[in-house]
Amino acid sequence: MESSLDAAPAAVPLLTSGAGGGGHAGAAIDVARERARTPGATVAHHFNAAGSALPSHSVVQAVVDHLRLEERHGGYEAAHQVADRIEAVYQDAARLVGADPAEIALFDSASTGLRTIVEALRLGAGQRLLVSRSTYVSHALHLMSLGREHGVEVVVVPNSASGAIDLQALDSELAGGGPAIVCVAHIPTSSGLVEPVTEIGALARRHGARYVLDATQSVGQVHLDVAAIGCDAMVTTGRKFLRAPRGTGFAFIGREIAGSLAPTAPDVRGAVWTSARDWELKDSARRFETWEASIAGRIGLGVALGEALALGTRQIETHLVQTAAAVREALVVVPGVTVQDPPSSPSAIITFTVEGLPARRVNELLAQHGLRTVSVPASHAQWDLGARGVDAVVRASLHVYNDETDTAALVEAVAGIADSAEARAV
């Protein structure tokens, strides 16, 4: 649908990245190249990388090619033919987050990975889970169920004025009780917040606490090193900023913790049945995996990992953070628009509200102008949006395939919607 909003978009510059680790040092992100290898970038202004990003043509082609291989030879036979490519997925996932391939487990989603790891901790009555307000709904529901059914104490650590977890409060909680598990979302679903994960890791180590990091919204958009962060385990998904197929994900499970944990439901993929009443677990993170998986999806994940490594995670982060900052600056001066991101939000996720209009309605109006955004309700983030008294936010999340045309169209359309809302209110 065309409108006057599309005719004269406001200029919002796309900033390029600086030097960093991974990929070619100092190389800027070539947005035109990324758009050329991303067919979906020409269909609409896609701002939903935090939900499910647009895959490259190469990722999709790899998935289709493997499905054709299964069509000709059968699933098991096709999997055998690509065994080396699947092994490479572990290696590239490890490279991406600074781990060893033996510390990588593949899952069908971040939720599955988080649930598997937390349940392997065998938490019981009296044990404490210290969690951030940024915790994602599915993870929060699982943790609260442990509290309700097993007597685990779930402590929601307050935020500081920056909107991130209050490190002093976390330090006090860690010092004031027994052994604890710290569970934090690196970047939440409900805002562009980036938690101080390295500082959290230092506190966890000082107090002897286990540290599980939900990196669902961060891997693929920011540079991440699990050793520097100091987490015991980290989980992410493929479909978001990694631009991999849905139904894929992986976890880092450090050697120290992996050897002391056992899955609650051992599977033939990660265990060997050695006698009538006994079994042995694999000595790697693969002890947490299950046999059945989409091999085609994992092949696509491998291609996406390779593409992220080739671009360079520091380059991606710098580019996305600077571009999102420019969009926020353009939105914050629009009458009737409130940017809802807390001060500590150097990420590619932008959240806002329009006065007088529900977030869901704003999404619908943006869609009429070819802009793909989503609304995040408080029911997906009660410890964050609910605590702030925000019913829902509009979330726009960009990636390397978004150019000036996209960002300008977003700002102009939001301004037009806000202006119409104000006019209707008069």
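1. Let me start with the lining of the largest cavity: α13 gives the largest share of it, 4 residues. By class, this lining holds 7 nonpolar, 2 polar and 4 charged residues. Please keep in mind that the model is predicted.

2. The largest cavity has a volume of about 90 Å³. Among its 13 lining residues, Leu242, Arg243, Glu307, Ala308 and Leu311 are the closest to the centre. A search of the whole structure gives 2 cavities of 30 Å³ or more.

3. The second largest cavity holds about 40 Å³ of space. Its lining is made up of Leu96, Val97, Val219, Gly220, Val222, His223, Leu224 and Thr313. Here the classes are 5 nonpolar and 3 polar, with no charged residues.

4. Turning to the rings, you will find 1 aromatic pair in the structure. The ring centres of Tyr76 and Trp291 are 5.9 Å apart and the planes lie at 75°, so this pair is edge-to-face. Tyr76 belongs to helix α5 (residues 75-81), while Trp291 sits in the loop between β10 (278-281) and α13 (295-311), so the pair ties together parts that are 215 residues apart in sequence.

5. How exposed are the two partners, Tyr76 and Trp291? Tyr76 is exposed, at a relative accessible area of 60%, and Trp291 is partly exposed, at 45%.

Conventions: Residues numbered from 1 in each chain as written. Predicted model: local features only at pLDDT ≥ 70, side-chain atom pairs only at ≥ 80, totals over all residues. Heavy atoms only, no water. Phe/Tyr/Trp six-rings, centres within 6.5 Å; stacked < 30°, edge-to-face > 60°. Helix = DSSP H or I, 4+ residues; strand = E, 2+ residues; numbered from the N terminus. Buried < 20%, exposed > 50% of the residue type's maximum accessible area, 1.4 Å probe, protein only. 1 Å grid on protein atoms, 1.4 Å probe; cavity = no way out; pocket = protein on both sides within 12 Å on 5 of 7 lines; lining within 4 Å. Points joined across faces, edges and corners; volume = space filled by probe spheres on them. Nonpolar A, V, L, I, M, F, W, Y, C, P; charged D, E, K, R; others polar.
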